[in-house]
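Please open the model in your viewer and keep the sequence at hand.

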Amino acid sequence: MLLENIPMGKTLEIYIDREGYRYRLVSKVEDAKPRRVCVSLIASNGRAFRFHPEDDIKIVYRDEEQMWEWPKVRGGIAKLDDEPVHYFEITNKGHSFNRRNAYRVQISEDIEIGFHILPETGQKSDEPPVVEVAEGQEVIDEQQIAAPQRVHGIIKDVSETGVGIYTDTSFDIEDRMFFEMPSSYGMLACSAQVVRKDELRASSHKYQYYYGCVLTKSDKRLIRYIFDIQRENLKKQRG
C-alpha cells in the first residue's frame, strides 16, 4: 500500500520498541505524502511524546479488509499549517500486517492494578502528575501526588495490543492503569487505557466490571508469551 493513499482523518497506530518495552500510540492522519505522513500531535497529561534516536518505530494502518505496516520509520515533531504535529518518514512501501499478532489468548491471571489520580481532572492515570517548571522542562508534582492507588483484578485475556480485565473498581473510558502480568518469562510490566466498560450482574459474576483495554506499554516478551500459549493450545486441539 502507498502511504499517500491513507485518507485524511483515519487512525494510524504507532509502535515504539524502547529499552525492552513496546509502546502503542494512536493518532489521526493530518497529511500524507509518498514518503512522509503527519498525524495530530500525540500528548499525554499535556506532554508531547518525544521520540529517541535509538527507537525502533513502525506504523500500522487498518482499512476495512487488511492491515498494513511500515517498519523502521523515523519519527519527530514538525509544524503543519503552523500547528505542531508528529511526522513519520518511511523508506519502503507498506506491506500486509500479520494478523496472528492480534489473536487473543485466555490466561485468567490475578493482578494488582495501580493508578494515579490527576488532581485537575480526577482522571485515573498510569503516570504521576507533572508540572512545567520552565519551557521544555517538566517535573513530577510532589505536592499533589501520593503513592499510587492499588486494587485487585483478573486478566481474562490478552493480545499483543489489548487486554480484558475484571475488577470491582470503577474506571471511566480513557482512564489509564498499570500492572504486572505473570508469565513463564517472569512478571511483564504493562500499562493500558480503558476503551470499553461493561457493568456485570452480581448474581452471575464475581466482579462488578469488565474492561476492554488497549495496551499503551508492554514488555516486549509479551509477544513471545502469547505465541507460546497459542502453540500449546494448538497442540491440545490436534492431540
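Two strands are said to pair if DSSP finds at least two bridges between them. The structure on display is a predicted model.

Begin by selecting strand β1, residues 11-18, of which seven out of eight are buried. At R18, look across to Y21, which stands opposite in β2. The two strands form a hairpin with two residues between them, and E19 in the turn has a positive phi of about 50 degrees.

Next, select strand β6, residues 56-62, which pairs with β1 in the antiparallel sense over five bridges. Here E13 has V60 of β6 as its bridge partner.

Now turn to the largest nonpolar core, which has 27 residues; V158, V163, M177, F179 and M181 have the most contacts inside it. Elements giving two or more residues to this core include β10 (105-117), β14 (149-158) and α1 (221-238). Apart from this core lies another, of 22 residues, among them I16, I42, I57 and I59.

Which residues does F179 touch? Leaving aside residues up to four places away in sequence, its contacts include I111, I155, V163, L188 and L215.

Finally, select α1. Its 18 residues should span 26 Å at 1.5 Å a residue, and the end C-alpha atoms are 26 Å apart, which agrees. Within α1, the buried residues are L222, Y225, I226, F227, D228, I229 and Q230. The buried residues of α1 pack against β10, β14, β16, β17 and β18.

Methods:
Residues are numbered from 1 along each chain as its sequence is written. This is a predicted model: local features need pLDDT of at least 70, side-chain atom pairs count only at pLDDT 80 or more; totals for chains, interfaces and linings use all residues. Side-chain values use heavy atoms; hydrogens and water are left out. A nonpolar core is a set of buried Ala, Val, Leu, Ile, Met, Phe, Trp, Tyr and Cys residues joined through side-chain atoms within 4.5 Å. Buried means under 20% relative accessible area, exposed over 50%, partly exposed in between (1.4 Å probe, protein chains only). Helices (H or I, at least four residues) and strands (E, at least two) are DSSP runs, numbered from the N terminus. Contact means heavy atoms within 4.5 Å. The expected span of a helix is 1.5 Å times one less than its number of residues.
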